[in-house]
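Biologist: Could you walk me through this model, feature by feature? I would like to start with the charged side chains.

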Amino acid sequence: MAMRIGDLRHRMALETCTRSHDGAGGAVESWGVMAEVWAAIRPLAGDEREMGDALGGRVTHEVWIRHRAGVFAEMRFTASGRTFEIRAVIDDGERRRFMKCLCEERNL
């Protein structure tokens, strides 16, 4: 399906994680906004699985943005109280026009 610029109607924060030592041998994660981008969100699939003693849901999405350097699978998008962890980044058509980010939505 071809992406059109008008499809990018969701304002999202592209965030990157920084880790710092906590002084007790562990690390503390903090997320900071790297950029604000316009995006298209397309749900792909959902499923349930057992997590501990409860069922948990998982929903996967494609998040499309205009091509930009420095977007990696270690990052995430946030918007309107939702969090989308990036699992893979694909340069659609290898033309440096749009990027398709395969994401998993998390309830944090």
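Biologist: How many salt bridges does a search of the whole structure find?

Modeller: Happy to go through them! In this predicted model, the search of the whole structure turns up seven salt bridges. Let us take a few of them in turn.

Biologist: Which side chain does D7 meet in a salt bridge?

Modeller: The partner of D7 is R42, with 3.8 Å from N to O. When you read such a pair, check where its two members sit along the chain. D7 lies in the segment before strand 1 (10-21), while R42 belongs to strand 2 (residues 27-51), so the pair, 35 residues apart, links distant parts of the chain. Both D7 and R42 are buried.

Biologist: And what about E62, with which residue does E62 form a salt bridge?

Modeller: With K100, where the closest N and O atoms are 3.9 Å apart. This pair also links distant parts of the chain: E62 is in strand 3 (residues 54-66) and K100 is in strand 6 (residues 98-106), 38 residues apart.

Biologist: Why does E62 count as buried?

Modeller: The cut-off settles it: buried means under 20% relative accessible area. E62 has 14% relative accessibility, so E62 counts as buried. K100 has 18%, and therefore K100 counts as buried too.

Biologist: Let us move on to E85 and R87. Are they buried, partly exposed or exposed?

Modeller: E85 is partly exposed because its relative accessibility is 21%, and R87 is partly exposed because its value is 44%. These two residues form a salt bridge, with 2.8 Å between the closest N and O atoms. Keep an eye out for shared partners as well: E85, R87 and E104 are linked in a network of salt bridges.

Biologist: Now the fold itself. How many helices and strands does the chain have?

Modeller: The chain has zero helices and six strands, so to speak β-β-β-β-β-β when you read along the sequence. For contacts, look at the separation in sequence: among those between residues at least 6 apart, 50% join residues at least 24 apart. As for burial, 35% of the 108 residues count as buried.

Biologist: Which residues touch the most other members in the largest nonpolar core?

Modeller: That core has 17 residues, and M12, V63, I65, F77 and I86 touch the most other members. Strand 2 gives the most, with four residues.

Biologist: What is F77 in contact with, leaving aside its neighbours within four places in sequence?

Modeller: Its contacts include M12, L14, V37, V63, I65, I86, C101 and C103. R82 and T83 are also among them.

Technical notes: Residues numbered from 1 in each chain as written. Predicted model: local features only at pLDDT ≥ 70, side-chain atom pairs only at ≥ 80, totals over all residues. Heavy atoms only, no water. Helix = DSSP H or I, 4+ residues; strand = E, 2+ residues; numbered from the N terminus. Buried < 20%, exposed > 50% of the residue type's maximum accessible area, 1.4 Å probe, protein only. Contact = heavy atoms within 4.5 Å. Salt bridge = Lys/Arg side-chain N within 4 Å of Asp/Glu carboxyl O. Core = buried A, V, L, I, M, F, W, Y, C linked by side-chain atoms within 4.5 Å.
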